[in-house]
Amino acid sequence: MSPFRKFFDSLTRPSVRGSKSTRRRRRRRQDAKLRGGEQLEAKQLLAVTSLADIPTQDLAGEPAALKLSTYFDENTVSGTVVKFETSASTPLPADQKDFFVELTDNTPTTKQNFLSYVNDGSYDGTMIHRSIDGFIVEGGAYTAPLVDANLSGSTPGIVQPKGAIVNEPGNSNVRGTISMSRLSGVTNSASNRFYFNINDNSALLDGVDGGDTAFGNVLGSGMAVLDVMNNALTYSGDSYYAELGEAAKDLEFLPIWNLDGDGIIKPADFLKFDSVAQVSEDALMSFAISF
């Protein structure tokens with residue numbers, strides 16, 4: 001249970017109740033509130049210094065990829081960067097559904113713990129299992145099912161924790177930060193679960209059980225895709241996936257993309273991180289051109 005579980009429990013959500021004998025029905029839905037008029041904060045992804053002129057390129061009708069780090073020195077992103085490839089769909093175009101996160105150097109234990117899951121592929125194919133509108137989206141705990149909900153093997157898989165780590169509070173839980181989720185009342189209990197702050201949650205999360213560890217920042221316009229994912233409708237997956245036992249409580253606010261008419265959850269309906277991988281500076285500075 002995360003340190004902000006009491007906050008979750010205090011929220012009132014409209015319900016759509018169906019028969020307990022079927023897994024095809026929606027159990028509870030959060031009315032998503034699209035913040036179409038909200039202005040994204042201005043953020044610069046990179047600041048660079050020119051090292052050399054880019055020579056004339058002879059494309060010969062074919063696209064060309066330039067290694068920009070040859071011609072520019074990037075001096076804004078100096079830490080470790082992780083790329084999240086997501087399953088986000090409309091209204092974002094395909095080239096805007098992924099985002100980058102720079103990890104902080106003043107949280108070394110948390111940083112190395114997170115990278116241990118990244119580097120062994122534990123987070124690939126994981127889903128956002130909890131979303132609170134305008135508050136957070138949380139992941140890192142479950143892999144998304146690969147078959148339709150009416151078929152055998154459709155229960156989410158569990159990401160095995162590697163063990164609890166020491167809490168490293170100090171960075172504020174403001175909008176655009178990634179933080180570790182902990183057990184309520186247990187300071188040093190973070191392991192594999194993480195969440196993104198959709199709003200400025202510092203007043204609530206910086207002081208709970210010593211404060212949650214914020215250990216990275218979303219770069220550039222990356223919050224656009226997280227906002228879209230946070231706006232997805234949520235359902236009471238705690239009853240939907242009751243076979244998970246005690247762990248099913250984690251799915252009380254399970255976000256799902258729009259279901260079709262049969263009401264059966266399909267693999268594409270889950271909000272997923274298809275891939276989470278550490279990247280080099282070159283990955284931030286590549287550019288494809290064509291004519």
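Which residue forms a salt bridge with Lys162, and how far apart are the closest N and O atoms? I looked this up before anything else. Lys162 pairs with Asp120, and the closest N and O atoms are 2.5 Å apart. I count a salt bridge when a side-chain nitrogen of Lys or Arg lies within 4 Å of a carboxyl oxygen of Asp or Glu. Lys162 sits in the loop between strand 10 (157–158) and strand 11 (177–180), and Asp120 in the loop between helix 2 (108–119) and strand 6 (126–127), so the pair ties together parts that are 42 residues apart in sequence.

Entry on the source. I am reading a predicted model, in which local features need pLDDT of at least 70 and side-chain atom pairs count only at pLDDT 80 or more, while totals for chains, interfaces and linings use all residues. Residues are numbered from 1 along each chain as its sequence is written, and side-chain values use heavy atoms, with hydrogens and water left out.

Entry on exposure. I took buried as under 20% relative accessible area, exposed as over 50%, and partly exposed as in between (1.4 Å probe, protein chains only). Lys162 is partly exposed at 45%, and Asp120 is partly exposed at 43%.

Entry on other salt bridges. I found eight in a search of the whole structure. One of them joins Arg175 to Asp227, with the closest N and O atoms 2.9 Å apart. This pair links distant parts of the chain: Arg175 is in the loop between strand 10 and strand 11, and Asp227 is in helix 4 (residues 223–230), 52 residues away. Arg175 and Asp227 are both buried. I also noted Glu85 with Lys83, where the closest N and O atoms are 3.7 Å apart. Glu85 is partly exposed at 31% relative accessibility, and Lys83 is partly exposed at 24%.

Entry on strand 4. I followed residues 81–86, which make up strand 4 and run antiparallel to strand 5 (residues 98–103), joined by five bridges. Phe84 has Phe99 in strand 5 as its bridge partner. Strand 4 also pairs with strand 16 (residues 272–279), antiparallel, over six bridges. There, Thr86 stands opposite Phe273. I called two strands paired if DSSP finds at least two bridges between them.

Entry on the whole protein. I counted six helices and 17 strands, taken as DSSP runs numbered from the N terminus (helices H or I, at least four residues; strands E, at least two). Of the 291 residues, 47% are buried.
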